[in-house]
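Student: Could you walk me through this structure? I am new to it and would like to ask things as we go.

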There are 2 protein chains.
Amino acid sequence: MAGPSAVSPLSRPLPQLPPIPGVRLAAAEAGIRYKGRTDLFLAEFAPGTTVAGVFTRNKCPGAPVDWCRSALAGGQARALVVNSGNANVFTGAAGRAACAATAGAAASLVGCPADQVFLASTGVIGQELPAIRITEALPGLHASLRADGLEAAVRAMMTTDTFPKAAVREAVLGGVTVRLAGIAKGSGMIAPDMATMLAFVFTDAALPAPVLQGLLADGVAASFNRTTVDSDTSTSDTVLVFATGAARNAADADLAAFRSALNEVLLELALLVVRDGEGARKFIRVDVAGAVNDGSAQRVALAIANSPLVKTAVAGEDANWGRIVMAVGKAGEPADRDTLSVAVGGVWMARCGAVVPGYDEAPVAAHMRSDEILIEVDLGLAAGRGTAWTCDLTHAYIDINGSYRS
Amino acid sequence: MAGPSAVSPLSRPLPQLPPIPGVRLAAAEAGIRYKGRTDLFLAEFAPGTTVAGVFTRNKCPGAPVDWCRSALAGGQARALVVNSGNANVFTGAAGRAACAATAGAAASLVGCPADQVFLASTGVIGQELPAIRITEALPGLHASLRADGLEAAVRAMMTTDTFPKAAVREAVLGGVTVRLAGIAKGSGMIAPDMATMLAFVFTDAALPAPVLQGLLADGVAASFNRTTVDSDTSTSDTVLVFATGAARNAADADLAAFRSALNEVLLELALLVVRDGEGARKFIRVDVAGAVNDGSAQRVALAIANSPLVKTAVAGEDANWGRIVMAVGKAGEPADRDTLSVAVGGVWMARCGAVVPGYDEAPVAAHMRSDEILIEVDLGLAAGRGTAWTCDLTHAYIDINGSYRS
């Protein structure tokens, strides 16, 4: 069995990352915690760049989350500073000071107000972030900004990630082709001191900040908020979209194609995080149909995806539909045992409240040995549908999380 | 490391189980699923015995849960039939027929209406319960009923339990000393096909069914509903209390002492189930204070107790208070990072939103190596308090649940 540090068997290759007009990036070894690897990146955006953001719902967010929420009110972004190795969470007044110092230093270099600088930190929590290492590194980073710096950026923000994650699309917006490139880190949905999820999408589209915010909120609801690794919610989860406007598309363009492309980037990034779930050996999709409405279906799908008993059954390659029934029942959503049906790998094992007599176990067993598992539930009540994605729960999850800090 | 079948290192010895006047029991090998062990017990109660019950909130309950809920309306009990090896869950019309056949057979032997017979089943789900094995065994069981049959009963309902669980108390009720004896099974809070929690309390007190129901509901809220092993909710969880009235206490007696004794029995049984949590090596108590009210504190305590990241940290003997902060924040309850304090083993590691500089790690590290872990959180908002109990999340949990059915 592969150790925790081996690349996830569910990994995907990093795509070619094109330059996004209006965005330049650079990464550096700031020595915040790690040795011999990059741990800091700076992105600079063209004047006029708009920004949208979605953050963790955790009630104990990190200082950079507070900073970004406040800065987002202006809707304008000129810089993004991201470090790994220290999450700047639960650091009190020192944490706020570290944010102010970092943003101030970046603002001076770029020539903008500090509230046009966005910040994200990931790593150990409860230790003061040595902001001096960041501020001292920023001038050199600023001098080395380049259009093709995206790959360096994604690598600099990895923590327990076993592979770098990115997604790329193009879309026609107001008669102009615009580019979107997204990068993400995360390995577990989510651990406060290691596996925070950060995602940044860069585009050269011209879109007002409120429009961008609406698109992002919808896109996150349909992607990141439908995935789970272990039900734990980071103090630092952050998704930001930056639109430089370099493509000079019309302001009143039809958004449909751009919306689709953004949604695809967000979903691809979210699923890459699941594929790098801590200790994951199998990628699980849960489709729920027949619920009283879509929201109810989504909650049932997440209850199944979060069930330790379902996830350990998948790890054990056991098509244990009884545990799926249990998870449906514990979701608290309208469900009727006697109209409930369950399929694994496309084979309906239970229909309308009872096992299907003599269903063919052979294709189910073969499906359970593959690394992509499909669970389908039909509640048989109405037309509500939902989907969640997760991974299995394995020994490696215990290894990673039982020994990280010590 | 001990295998799944070894006795939990957190186990407690079985107490001496006294006869409860008005209760006779017997166990047998009915061959429902297991070989060479008892898997069925019958309890017979004196005429006039009252009953109260609390059941799983799972929306897909087993047929015996439906049966008991319906039978409870009468408030009278003359018999209890419990089997292990098959949970009679998700078995459709056949499951309902098995309940009717079992209750009918027991009712004829005891001489009572079928709705004075209570039923519970635990074991594999989705397979038809062979009721014939039960009904054929019942006459022999009825012929061998004895006052000192409690220990045989608790052993007959074990599934993946690694030790039998019971609790005993006495209380003065209306000037008369009454006895309470409780038995439980469960090993995991809760798996549908193996670790269902069943608990039965027998007393010779004389109490009207509605009074007994109120006492039980309060007692379960303060015991079983404050414990968790893996957040999964069984389709079969059942707690029943039977009061035979043999003690002939006054009907209008002060209930305080009886209430305390019942609460102690229920809490002791609930904590025994946690001590037999699947794969458990450490017993964890989570105390939350300073919440806006007790309900909020209880929800925060359960969020911490259910967090896989907290539970794996405890398994790894890592006093990772950052994960405790994360779990507080994800609970969704009112919390303010800047008034939040966290202690492990009585040592406050974080106070009012920041790490305590130079706190003494040595006693914390020693505490983490023990098998009883105390986590304390003070939200610093108001006076609400709550407590939850759980166990750590270990390799053995994965082993047990990744390979049970196959």
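**Salt bridges and the interface**

Tutor: In this predicted model, the side chains of Glu333(A) and Arg299(A) meet in a salt bridge at 2.8 Å, N to O, where a salt bridge is a side-chain nitrogen of Lys or Arg within 4 Å of a carboxyl oxygen of Asp or Glu. The pair links distant parts of the chain, 34 residues apart: Glu333(A) lies in the loop between α9 and β11 (341-344) of chain A, and Arg299(A) in helix α7 (residues 294-306) of chain A. Helices (H or I, at least four residues) and strands (E, at least two) are DSSP runs, numbered from the N terminus.

Student: How are the residues and chains labelled, and what counts?

Tutor: Residues are numbered from 1 along each chain as its sequence is written, while chains are lettered from A and ligands numbered from 1 in the order in which they are written. Local features need pLDDT of at least 70 and side-chain atom pairs count only at pLDDT 80 or more, whereas totals for chains, interfaces and linings use all residues, and side-chain values use heavy atoms, with hydrogens and water left out.

Student: How many salt bridges does the rule find across the interface of chain A and chain B?

Tutor: The rule finds four there, and over all chains the count comes to 32. One salt bridge joins the side chains of Asp338(B) and Arg96(A), at 3.8 Å, N to O.

Student: Which element gives the most to the side of chain A that touches chain B?

Tutor: That is α9(A), with eight residues.

Student: And how many residues are in contact?

Tutor: With contact meaning heavy atoms within 4.5 Å, 65 residues of chain A are in contact with 64 residues of chain B. The area buried between the two chains is about 5,000 Å², of which carbon and sulfur atoms give 55%; buried area is the accessible area (1.4 Å probe) that two parts lose on being put together, summed over both.

Student: How can chain A be laid on chain B?

Tutor: A turn of 180 degrees and a shift of 0.0 Å along the axis does it, with an RMSD of 0.0 Å, the copies being superposed by least squares on the C-alpha atoms of residues with pLDDT of at least 70 in both. The two copies are therefore related as by a two-fold rotation axis. In chain A, the C-alpha nearest that axis belongs to His395(A), 2.8 Å away.

Student: Changing topic, in what order do the six strands of the open sheet in chain B run?

Tutor: The order is β13-β12-β11-β14-β10-β15, with mixed pairing, and two strands pair if DSSP finds at least two bridges between them. The edge strands, β13 (354-355) and β15 (384-391) of chain B, each pair on one side only.
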